[in-house]
Amino acid sequence: MEVIKKLSALTKKFPSPVVALGMFDGVHRGHASVIRRAVEVAQKISGTAVVFTFANHPLSVLSPETAPLMIGSRSLRREIFESLGVEVLIEIPFTKELSRRSPEEFLELLREKISPAYVVTGPNYTFGRFGKGNGRLLLREGESYGFSAEICPAVTVDKKTVSSTRIRALIAEGNLSEANELLGRNFTYVSKVVNGDRRGRKLGFPTANLEIEDHRAMLPNGVYIVRVWVGGEIFSGIANVGDNPTFKVAKRRLEVFIDNFSGDIYGEEIAVSFVSKIRDEKTFASVDELKAQLNEDLAALRRFF
């Protein structure tokens, strides 16, 4: 998959581009349906399957205090796009200059930079200044800009529409099973391993420590069964989300014990995929009590898999 990060880099023309438009935060089941449809049309017309999206959420520029927490990372989103069959990803920064473009100016930008043959979006997609452009405008005006347009229907689960807003709420309240159902996969946090205090190693449970960034969604504090992607391999593990109250760690973080793994992965990016919750976070009276609980958690992990 070719990744283009700047509008100025959009100099090459692709054969009959079929463009999926959207923010695609989390690439949930509704987003995946839009992208699969774009890929399907591209294959039918011998065209190029393209996703046009932004590297940052528009509200992070227009109204930072109301910007939603991001469900995934850019690297994970790219992997999912590629797995869905996307051939070209245009992932540009959203800027104030872009926000000032009228819907018609945005469509002109698409024509000038991409020349789409076909455009696919979801039912709630908006574009242009104040979000005044919508699917109806695409259907009505697309032909004058050289493309056909299609609005994919909303995807529902249990008669409720799948949306990033709903998934964020489920993650925040700790409803992992339903969040995973709407995502179409396990909720996954991707980040680089940072230096910790190495207490886990002394306890016989060395952990990879990941910072929980303020702008990203995360589950409530607790201990979870996870899958961990490290250097192209998959391991099972136990993740603790919290501030480690036994040792009074101030900053909330993600600590991951990776079963049957040894190696120095400081500075490496790993993916932690949340499968099921084991228990809430606890404060222990002693280190021995903590070690006993960790052994129980490990037994629960191995029973699960």
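Reader: Which residues of the largest nonpolar core touch the most other members?
Author: They are Phe-187, Met-218, Leu-254, Val-256, Ile-270, Val-272 and Phe-274, out of 34 residues in that core. A nonpolar core here is a set of buried Ala, Val, Leu, Ile, Met, Phe, Trp, Tyr and Cys residues joined through side-chain atoms within 4.5 Å. The model is predicted, with local features needing pLDDT of at least 70 and side-chain atom pairs 80 or more, while totals for chains, interfaces and linings use all residues. Numbering runs from 1 along each chain as its sequence is written, and side-chain values use heavy atoms, without hydrogens or water.

Reader: How many residues are in the second core, and which ones does it include?
Author: The second core is separate and has 29 residues, among them Val-119, Phe-127, Tyr-145 and Phe-147.

Reader: Turning to aromatics, how many pairs does the structure hold?
Author: The structure holds eleven aromatic pairs. Rings of Phe, Tyr and Trp (its six-membered ring) pair if their centres lie within 6.5 Å; planes under 30 degrees apart are stacked, over 60 edge-to-face and the rest tilted.

Reader: Why is the pair of Tyr-224 and Phe-274 described as edge-to-face?
Author: The planes of the two rings stand at 85°, with the centres 5.4 Å apart, so the pair is edge-to-face.

Reader: Where in the chain do these two residues lie?
Author: Tyr-224 is in strand E11 (residues 222-230) and Phe-274 is in strand E14 (residues 269-279). The pair thus links distant parts of the chain, 50 residues apart.

Reader: Are Tyr-224 and Phe-274 buried or exposed?
Author: Both Tyr-224 and Phe-274 are buried. Buried means under 20% relative accessible area, exposed over 50%, and partly exposed in between (1.4 Å probe, protein chains only).

Reader: What is the geometry of the pair formed by Phe-304 and Phe-305?
Author: Phe-304 and Phe-305 are edge-to-face, with 5.1 Å from centre to centre and 85° between the planes. Phe-304 is partly exposed at a relative accessible area of 43%, and Phe-305 is partly exposed at 41%.

Reader: Which charged end sits over the ring of Phe-305?
Author: That of Arg-227, 4.0 Å from the ring centre. The criterion is NZ of Lys or CZ of Arg within 6 Å of the ring centre and within 35 degrees of the ring normal. Arg-216 likewise has its charged end over a ring, that of Tyr-189, 3.9 Å from the centre.

Reader: Which residues do ring pairs link into a cluster?
Author: The cluster consists of Phe-52, Phe-54, Phe-94, Phe-106, Tyr-125 and Phe-127. Phe-127 is also one of the residues in the second core.

Reader: Now the backbone: what is phi of Phe-24, and where is its place?
Author: Phe-24 has a positive phi of about 60°, although it is not a glycine. Its place is in the loop between strand E2 (17-21) and H1, and Phe-24 is buried at 3% relative accessibility.

Reader: What about phi of Asn-260?
Author: Phi of Asn-260 is positive, near 55°, again in a residue other than glycine. Asn-260 lies in the loop between E13 and E14. With a relative accessible area of 68%, Asn-260 is exposed.

Notes:
Helix = DSSP H or I, 4+ residues; strand = E, 2+ residues; numbered from the N terminus.
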